[in-house]
Each structure stands twice: as C-alpha cells, then as structure tokens.
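This report goes through some local features of one protein model. Please keep the sequence and the structure in view while reading.

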Amino acid sequence: MPTRVLLIDDDTRMFELLAEYLGQNGITVSHAPDGGRGLAALEASAFDAVLLDVMMPGMDGLEVCKRIRAKSRIPVLMLTAKGDETDRVVGLELGADDYLPKPFGPRELLARLRAVLRRAQPAAVADRLESSGVSIDVSGREVKVEGKAVELTGLEFDLLLALVRRAGRVIPRDALLGEAGRNDTVVSERTVDVHISHLRQKLGDVGTRLIKTVRGVGYVFAKEGT
C-alpha cells in the first residue's frame with residue numbers, strides 16, 4: 001500500500017510540485033487548502049502523515065496542530081516561511097514531530113517525512129520499558145507514571161525514551177537529539193533544555209527526582225536506587 005499524506009496548505013502550486021515528486025517516491029499526496037478542510041479530511045479518511053503549513057488564512061497551522069493532537073498521534077511535519085527558533089519551539093510543543101522552514105528542497109522534505117514515518121512505526125526492540133515508576137509503551141507511544149497516563153509531545157516522548165534506554169549514562173546535550181532519533185530536527189541545545197524542563201514538569205516528582213542535569217555536559221536518567 002502506498003503511503004498516504006495530507007498536505008494542508010493554501011499554496012496550490014506547492015501541492016502540484018509535491019504531489020508529482022512524492023508520487024515518484026511511492027507517496028500519495030492529498031490536498032486541503034485550509035485548516036478547516038484539512039481537519040475534515042482527517043476525519044473522513046486515513047492518512048499516514050500530515051504536512052501542515054503554519055501561515056494560512058483563517059485557522060493557522062498551530063491551531064490545526066493543536067486540534068489534531070487532541071484526537072490523533074498521526075505524524076505532523078510543519079512547514080513555514082518563518083525560520084525563527086521560537087516558532088519551531090511552539091510547533092514542537094504543540095505536538096508537531098518535525099519542522100521544516102520554507103523554502104525547502106523536495107529531497108529534504110522527503111528525507112524528513114520518511115524520518116517521522118519511521119519514528120511512528122512500532123519499535124523492533126523491547127516494546128515496553130519500566131524504570132522507577134515510569135512505564136513506556138514504545139509501539140503505542142504512551143507513558144504512564146505510577147499507573148497514571150501522561151500526555152507528552154512527540155519530541156518529549158523521544159527524549160524520555162532515549163534517557164530511559166540509557167539509564168545511568170550521561171547523554172551530552174549535543175548528542176541527545178541523535179540518541180532520540182531526532183538528529184534531523186533543527187533545534188539548539190537551549191531548546192533541548194526547555195523540552196527537558198517541560199518533560200520533568202509533566203512527569204511530576206518522578207521527573208524531578210530521576211532526570212538529573214549534569215552541569216556543563218547534559219542529562220542522565222538515574223537508575224533505581226542511585
């Protein structure tokens with residue numbers, strides 16, 4: 001079955017170009033010219049990923065992303081003419097899986113799209129991880145702390161998974177995105193700090209106790225009893 005992607009963008013010419021290029025690479029692209037029709041298309045049909053423009057008339061892409069995440073874990077790759085890091089952070093915090101500023105080359109888009117699709121696939125390693133009251137369902141991309149479900153963004157989930165898989169080992173800031181399978185996500189080390197802070201908050205006392213900062217180096221998920 002070909003991969004099905006929904007492009008939510010008011011730029012018809014971009015749709016035509018991407019439909020042709022991605023179609024040559026086994027990806028079928030459908031088009032919704034605004035946020036409302038994009039949300040309706042997601043309700044009416046099944047897609048494997050969403051390409052979502054931020055700057056659209058009416059409902060902008062950030063609001064669309066927020067509404068998608070309220071109902072679905074479908075991979076979302078945000079597209080925007082804005083290159084400011086603040087905009088990237090907002091999109092990622094709302095649950096976007098990656099962020100690609102315009103203008104971009106179709107080959108880079110294809111590479112990033114394939115990356116978010118790979119991350120959405122069930123893992124070939126252990127399906128569930130348990131550590132110090134934190135339970136991670138890898139394939140379902142769900143986290144529970146002491147039995148209570150915790151809602152994380154895609155990036156927060158990947159950061160936590162990387163830390164837990166390497167519990168007891170310090171992961172440098174500049175390597176953490178790579179360890180999380182996010183070396184294609186363009187954010188700074190400061191942005192990593194922001195997401196770790198949010199992750200700690202969402203995990204509550206467990207996050208504060210177990211996700212430790214190693215000053216000047218990075219982070220470590222403490223093993224039980226340490």
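## Terms and source

Helices (H or I, at least four residues) and strands (E, at least two) are DSSP runs, numbered from the N terminus. The model is predicted, and local features need pLDDT of at least 70, side-chain atom pairs count only at pLDDT 80 or more, and totals for chains, interfaces and linings use all residues. Residues are numbered from 1 along each chain as its sequence is written, and side-chain values use heavy atoms, with hydrogens and water left out.

## Two loops

Pro 103 sits in the loop between β5 (98-101) and α5. The peptide bond that joins Lys 102 to Pro 103 is cis, with omega about -5°.

Arg 141 belongs to the loop between β7 (134-137) and β8. Arg 141 is not a glycine, yet its phi is positive, at about 55°.

## Helices α2 and α3

Helix α2 (residues 35-44) packs with helix α3 (residues 61-69) at an angle of about 20°, and their axes are 10 Å apart. Because of this angle, α2 is roughly parallel to α3 (angles under 35 degrees count as roughly parallel, over 145 as roughly antiparallel, 65 to 115 as roughly perpendicular and the rest as oblique). Axes are lines fitted to C-alpha atoms, for helices over the stretch in contact, and angles run from 0 to 180 degrees between N-to-C directions.

On the α2 side, Gly 35, Leu 39 and Leu 42 meet Val 64, Arg 67 and Ile 68 of α3; contact means heavy atoms within 4.5 Å. By class, this contact has 4 nonpolar, 1 polar and 1 charged residues (Ala, Val, Leu, Ile, Met, Phe, Trp, Tyr, Cys and Pro count as nonpolar, Asp, Glu, Lys and Arg as charged, and the others, Gly among them, as polar).
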